[in-house]
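Hi,

Here is the structure I promised to pass on. Have a look at it first, and my notes on the charged side chains follow below.

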Amino acid sequence: GGLDSLIAFQADVFFNEKFDAGIQISTYRNPDSDYQPEVSMAQLRWNIKDNATIRAGRNYNPAFIHSNTRNVRYAMPWVRPPLEVYGLSPVYIQDGVEFFLGNEFDGYLLDLHFSVTESHFENSRANTKGTDDVDVVNQYFAGIIFEKDAFTFKASYSKGDVSTSSPLLDQLLNFIKPFSPSLAKDLAIDDDAYNLYTLGIQYQTLDWLIISEYGYRELEDSFFRDQQGFYFTLGRVFGKWMPYATIARRWTDGPDNDSRATALGPLIDYSVNDSTDGLLAATRFDTTSLSLGLSYQAYESATLKMQVDWIQPDDNSWGLYTNHGSGYDFTNPDDDVLFSINLDFVF
């Protein structure tokens, strides 16, 4: 029950026509497997004009179509957003300054979004308890949204640098460094530059729902390789019911080994070679998934969702659900089936 369960409270205060503020406090299972409440949104907004706003404080990473409703599952068609795309960004909640500019012409709505942000967060560690501390992510963002009738088109570009560390990673890099400083430097994630490109389109009417998004993430000089993801969702509304289906795919670009690690074999314990290759292999998340769902509008502000996910990692891939059991076969992974029933509501 802890996988998707959350409760949140949001309040907005309007001081005058120019200034308002908002805060959101959320409770859900975090990477440390507890439910400590956190401030997931807190911002002061300055409405310069009817079509221009500056806001400062905490908000969600705006890269994707449903970024602004990550904690409002009622507003999403799925039980959870497709991890193949929404998992590409290391940033979920961020602090900084954002600027919005909107305009309307020939029936089109055009919104521009720019931001400078910083984020501190933790990642859950695969196959064990605890977290890997991500020190800081500095990010510059530019996005554009076109809306016309039932169509929404969104494109964005994020540029930044990221640093991360964990006891196991630090131990491996310190072991390799005396023998191959260049390999240790290239494997580490220390102020490494990354770029994230996203494209998304949504078509929504009273009868149909079509959403598709694509993302490509580059991360330079680190054990994490470049990643790209894609999904396509189709839904059909029948009164209060909407069956839907999603096909999604994640790809990894880059080798699973490094020739410098192989060359270390005669010099030191061969397990270092295994560990280095294992580190690279552990960041191959190539996966195909198919999701079939059915949502029911139980009340005006409550939706019951039932979803089945068929998940097939590629051979020699960790897949996207990385908390594997001890007997998991990475070379030839079995397919997994995930059943979910969610009641999403707002009040």
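R45 is buried, as its relative accessible area is 13% (buried means under 20% relative accessible area, exposed over 50%, partly exposed in between, with a 1.4 Å probe and protein chains only). Before the rest, some ground rules: this is a predicted model, where local features need pLDDT of at least 70 and side-chain atom pairs count only at pLDDT 80 or more, while totals for chains, interfaces and linings use all residues. Residues are numbered from 1 along each chain as its sequence is written, and side-chain values use heavy atoms, with hydrogens and water left out.

So what does R45 pair with? Its salt-bridge partner is D12, with 2.7 Å between the closest N and O atoms (a salt bridge being a side-chain nitrogen of Lys or Arg within 4 Å of a carboxyl oxygen of Asp or Glu). This pair ties together distant parts of the chain, with D12 in strand β1 (residues 6-14) and R45 in strand β3 (residues 38-49), 33 residues apart. Strands here are DSSP runs of E, at least two residues, numbered from the N terminus. D12 counts as partly exposed because its relative accessibility is 36%.

Next up are strands β4 and β5. E98 forms a salt bridge with R55, again with the closest N and O atoms 2.7 Å apart. They also link distant parts of the chain: E98 sits in strand β5 (residues 93-105) and R55 in strand β4 (residues 52-60), 43 residues apart. E98 counts as buried because its relative accessibility is 5%, and R55 is buried at 13%.

D95 and R58 meet in a salt bridge too, at 2.8 Å from N to O. D95 is in strand β5 and R58 in strand β4, 37 residues apart. Both side chains fall in the partly exposed class: D95 has 31% relative accessibility and R58 has 26%.

One last item is a negative surface patch made of D315, D329, D334, D335 and D336. Patch members have over 30% relative accessible area and no salt bridge, and like charges are joined within 9 Å; Asp and Glu count as negative, with the charge placed at CG of Asp or CD of Glu. Of these residues, D329 lies in the loop between β14 (302-313) and β15 (336-345), and D329 counts as partly exposed because its relative accessibility is 38%.

Cheers

Key:
Patches are made of residues with over 30% relative accessible area and no salt bridge: like charges are joined within 9 Å, nonpolar side chains (Val, Leu, Ile, Met, Phe, Trp, Tyr) within 5 Å. Accessible areas come from the Shrake-Rupley method with a 1.4 Å probe; for residues, only the protein chains shown count as cover. Helices (H or I, at least four residues) and strands (E, at least two) are DSSP runs, numbered from the N terminus.
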